[in-house]
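Below are some numbered points to read alongside the coordinates.

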Amino acid sequence: MRLYFKYLLILFKSQMQYRASFWLLTIGQFFIPFSMFAGLYFLFERFGQIKGWDFFEVALCFAVIHMAFAISECFARGFDAFSSLVAGGDFDRLLVRPRSTIIQVLGSKFEFTRFGRMLQSVIVLVWSLRHLSIDWSVMKAITLILMIVSGVFIFTGIFMLAATMCFWTIQGLEVANIFTDGGREMAQYPLSIYPKWVTRFFTFVIPFGSVNYLPLLYILGKSGGNAFLYMLAPIAGIAFILPCFLIWQIGVRHYRSTGS
């Protein structure tokens, strides 16, 4: 991990060479989710609630998923831009270095301007928590943190799976955005508002339900008698990274240089 933090420091210094550009991009990232949140606000202003969920409950869901996405985009951007390494033959250099390819790809690119997007999510998170009557405990606070961590692992895993496809396709596939950008848009609402097949797919295949729905029921006191299982739900999202690691290793073993 020392190598990873050296990558982090070097790329941060390089981006800060153009400070005006950095801060303008960060401010721009702060306002990007604003239109989505404004749409959420006006939706509830018109209808009041959606299937038993009020505005601040959904705002909490919105904040958690957008914060997780922003953190993942910042620190796992190397996988999102991985196709350029394969297409240019630069991945060959990573293979001959005596360090993990995962750490090297992670360290190849960081998007620190995503902190602007994360800041807006923090503001929405604090605002929603102040308006919700939650009977807080240590376990509920830990569950809330695990929800964000779980989301980071899920989005990072999806970025990794999309990068793995580049070993066979060379170029990145836009279909992956269905599960990254599309997953973020879908998961900013509780899964219970969607059809059952959608809820099941995003609970048992790509476990967004472990980020924005099941543990949210526990925090809001809506879990009934299965509070312990709902509290542990974020662990499923964290565990999602394990099969992604395995698939990545399979892709590395099947990699054939582009010959550039």
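1. Aromatic pairs. Searching the whole structure turns up 34 aromatic pairs; rings of Phe, Tyr and Trp (its six-membered ring) pair if their centres lie within 6.5 Å, and planes under 30 degrees apart count as stacked, over 60 as edge-to-face and the rest as tilted. Phe56 and Trp127 are edge-to-face, because their ring planes stand at 80 degrees with the centres 5.2 Å apart. This pair joins distant parts of the chain, 71 residues apart: Phe56 belongs to helix H3 (residues 55-75) and Trp127 to helix H8 (residues 115-130). Helices here are DSSP runs (H or I, at least four residues), numbered from the N terminus. Trp127 is partly exposed, at a relative accessible area of 32%; buried means under 20%, exposed over 50%, and partly exposed in between (1.4 Å probe, protein chains only).

2. Ground rules. This is a predicted model, in which local features need pLDDT of at least 70 and side-chain atom pairs count only at pLDDT 80 or more, while totals for chains, interfaces and linings use all residues. Residues are numbered from 1 along each chain as its sequence is written, and side-chain values use heavy atoms, with hydrogens and water left out.

3. Phe112 and Phe115 have ring planes at 25 degrees and centres 6.3 Å apart, so they are stacked. Phe112 is buried, with 4% relative accessibility, whereas Phe115 is partly exposed at 34%. Both belong to a cluster linked by ring pairs, together with Tyr4, Phe5, Phe12, Phe22, Trp23, Phe75 and Phe110.

4. Charges over rings. Where does the charged end of Arg46 sit? It is over the ring of Phe47, 5.1 Å from the centre. Lys140 likewise lies over the face of Tyr218, 5.9 Å from the ring centre. The criterion is NZ of Lys or CZ of Arg within 6 Å of the ring centre and within 35 degrees of the ring normal.

5. The largest pocket. Its volume is about 320 Å³, taken as the space filled by probe spheres set on grid points joined across faces, edges and corners. A pocket is an open set of points on a 1 Å grid over the protein atoms alone where a 1.4 Å probe fits, with protein on both sides within 12 Å along at least five of seven lines; lining residues have an atom within 4 Å of a point. There are 16 lining residues, and Phe75, Leu106, Val152, Phe153 and Thr156 are the closest to the pocket centre. H9 (138-169) is among the helices supplying at least two residues each, along with H3, H7 (101-106) and H16 (241-253). H9 gives the most, with seven residues. The lining divides into 14 nonpolar residues, two polar and no charged.

6. In helix H11 (residues 196-204), the buried residues include Val198, Thr199, Phe202 and Thr203. They lie on the same side of H11, because they cover an arc of only 125 degrees around the axis; the arc is that of the directions from the helix axis to the C-beta atoms. The face turned away from this buried side carries Lys196, Trp197, Arg200 and Phe204, which are exposed.

7. A backbone detail to look at. Most residues other than glycine have a negative phi. Lys51 has a positive phi, near 50 degrees. Lys51 is in the loop between helix H2 (19-47) and H3, and is exposed at 59% relative accessible area.

Definitions and conventions. Ala, Val, Leu, Ile, Met, Phe, Trp, Tyr, Cys and Pro count as nonpolar, Asp, Glu, Lys and Arg as charged, and the others, Gly among them, as polar.
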